[in-house]
Amino acid sequence: MTNYGRKGKGEAGSGKRETSPDSRLFRFPLATSCAAAVTFCFAPLISAGAQGTTHTLMPTPTTVAWGYYDAAAKPVLHIRSGDEIVVGTLITSTPERLEGAGVKPGDVERSLRDITTTVTNKGPGGHILTGPIYVDGADSGDVLEIQIEKIDIAIPYAYNAFGVNRGFLPEDFAYSKMRIIPLDTARLVAHFAPGIDIPLHPFFGSIGVAPPASRGRVSSAPPDIHAGNLDNKELVAGTTLYIPVHTPGALLEIGDGHAGQGNGEVDITAMETSLRGRFKIIVRKDIHLAWPRGETPTHWIAMGMDKDLVQATKIAVRQAIDFLMTVQGLSHDDAYMLTSVSCDVDVTELVDGNVGVHVMIPKSIFPRGAGDRMIPAKR
């Protein structure tokens with residue numbers, strides 16, 4: 001999403017996409033209650049387990065990057081390939097705006113108050129991102145595999161807002177408005193308005209790494225080759241994001257929590273909220289990508305971003321063709337044809353400076369296990 005005021009920014013053949021047989025549980029194993037979800041310690045923690053090390057990183061004034069991705073940013077945590085991380089993220093707004101829209105002062109997170117009053121190194125974007133996280137062994141030319149294992153909603157509300165000269169239709173809305181949306185984690189719905197309930201579909205709008213050092217500090221708003229503010233609602237719990245690495249350590253940052261969103265995110269925000277996620281991070285030296293890609297239990301996802309929607313679409317379609325050639329072993333002609341007859345080209349978002357397009361490639365059309373784990377096909 002792009003922040004209001006502060007941010008820059010199925011089954012095959014059925015027409016439906018599911019990320020699991022039981023999407024209610026698979027997408028986001030919720031905490032027992034919202035109260036439980038917001039009583040975490042706000043300091044980095046490390047625990048050793050049989051499967052490796054698990055790190056916990058919560059947002060504090062010293063553990064966030066406000067509004068930017070940057071190869072020169074100082075890491076707040078070091079991890080190794082194969083480690084798991086539990087990361088807390090904050091709603092992208094301010095206590096004043098939330099309270100002005102109707103949130104009770106006691107329901108505003110203490111960490112949000114601390115960060116908005118003490119962090120001065122921020123911009124040019126407005127997302128409050130947790131990180132950067134240095135991944136030992138990751139370097140330019142590698143790929144960071146981010147397995148999204150679990151997502152918890154951390155507070156009992158979200159907001160949606162639009163502002164003057166923002167969103168996809170600025171000429172139609174020459175004013176600002178914010179709506180607080182209660183989140184019902186027992187029924188797994190958001191109460192948008194009387195009689196209108198929206199199924200909860202939590203995901204992180206922004207998961208990214210540092211861009212090439214030559215670009216310097218870049219805004220957290222536009223998605224690009226470093227991923228970042230993808231706003232791709234397919235990337236729920238149980239899915240995987242693959243991001244090309246451009247600098248030593250990758251410098252992973254995570255934020256922009258959404259309780260749900262429509263493709264396009266047309267008014268410039270989704271259902272903005274605070275989330276906690278659990279991820280497994282793997283450095284992949286056996287694959288090389290020019291653009292981020294994704295994977296769900298049922299689909300592979302090719303992505304493209306550009307200021308121009310046509311160019312973003314061309315990038316995404318060419319990435320789909322490249323995937324079908326390099327991972328599935330198809331010829332250039334056959335990959336183009338297969339994309340046309342079996343893949344869905346969707347608008348990801350329309351409001352973040354760079355617009356996003358993604359191509360959904362169904363796994364069901366291939367032999368079982370074909371192209372598993374993004375390993376290039378042997379020819």
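Arginine 215 is partly exposed in this predicted model, with a relative accessibility of 40%. The residue forms a salt bridge with aspartate 224, and the closest N and O atoms of the two lie 3.1 Å apart. Aspartate 224, by contrast, is buried, because its relative accessible area of 17% falls under the 20% limit.

## Salt bridges

The count of salt bridges comes to 14. Three of them are listed below.

| Glutamate 84 | Arginine 278 | 3.0 Å |

Is glutamate 84 buried or exposed? Glutamate 84 counts as buried, at 15% relative accessibility, whereas arginine 278 is partly exposed at 28%. Both residues also take part in a network of salt bridges that includes Glu149.

With a relative accessibility of 2%, aspartate 152 counts as buried.

## Strand β8 and its partners

Strand β8 is largely enclosed by the rest of the structure, because nine of its 11 residues are buried. Which strands pair with β8? One is β16 (residues 239-244), which runs antiparallel to β8 and is joined to it by six bridges. Within this pairing, isoleucine 148 has threonine 239 of β16 as its bridge partner. The other is β18 (residues 275-284), paired with β8 in the antiparallel sense over 10 bridges. There, leucine 144 stands opposite valine 283 of β18. In a regular strand, side chains alternate between the two faces of the sheet.

## Nonpolar cores

The largest nonpolar core has 44 residues, of which Ile85, Leu144, Ile207, Leu252, Phe279 and Ile281 touch the most other members. Strand β8 (residues 143-153) supplies the largest share of this core, with five residues.

The surroundings of isoleucine 281 can be described in detail. Leaving aside residues up to four places away in sequence, isoleucine 281 touches Ile79, Arg80, Ser81, Gly82, Asp83, Ile85, Val135, Leu144, Glu145, Ile146 and Leu252. Among these contacts, Ile85, Leu144 and Leu252 are also named with isoleucine 281 as core residues that touch the most other members.

Helix α4 spans residues 110-118, and its buried residues are Ser111, Leu112, Arg113, Ile115 and Thr116. Against which elements do the buried residues of α4 pack? They pack against β3 (64-66), α3 (95-100) and β7 (128-136). An α-helix has 3.6 residues a turn, so residues three or four places apart point the same way.

Alanine 71 is located in the loop between β4 (68-69) and β5 (77-80). At 19% relative accessibility, alanine 71 counts as buried, because the limit for that class is under 20%. Apart from residues up to four places away in sequence, alanine 71 touches Ala210, Pro211, Ala213, Thr247 and Leu251. The C-alpha atoms of alanine 71 and proline 211 are separated by 6.3 Å, although the two residues are 140 residues apart along the chain.

## Surface and overall composition

Phe168, Leu169, Phe173, Tyr175 and Val266 make a nonpolar surface patch of about 460 Å². Leucine 169, one of these residues, is found in the loop between β9 (157-162) and β10 (177-184). Its relative accessible area of 38% makes leucine 169 partly exposed.

The chain as a whole contains six helices and 22 strands. Of its 379 residues, 58% count as buried. The accessible surface of the chain comes to about 15400 Å², and 55% of that area belongs to carbon and sulfur atoms.

Definitions and conventions:
Residues numbered from 1 in each chain as written. Predicted model: local features only at pLDDT ≥ 70, side-chain atom pairs only at ≥ 80, totals over all residues. Heavy atoms only, no water. Buried < 20%, exposed > 50% of the residue type's maximum accessible area, 1.4 Å probe, protein only. Helix = DSSP H or I, 4+ residues; strand = E, 2+ residues; numbered from the N terminus. Contact = heavy atoms within 4.5 Å. Core = buried A, V, L, I, M, F, W, Y, C linked by side-chain atoms within 4.5 Å. Patch = residues over 30% accessible without salt bridge, like charges linked within 9 Å, V, L, I, M, F, W, Y side chains within 5 Å. Areas by Shrake-Rupley, 256 points an atom, 1.4 Å probe, with all protein chains shown as cover. Salt bridge = Lys/Arg side-chain N within 4 Å of Asp/Glu carboxyl O. Pairing = 2+ DSSP bridges.
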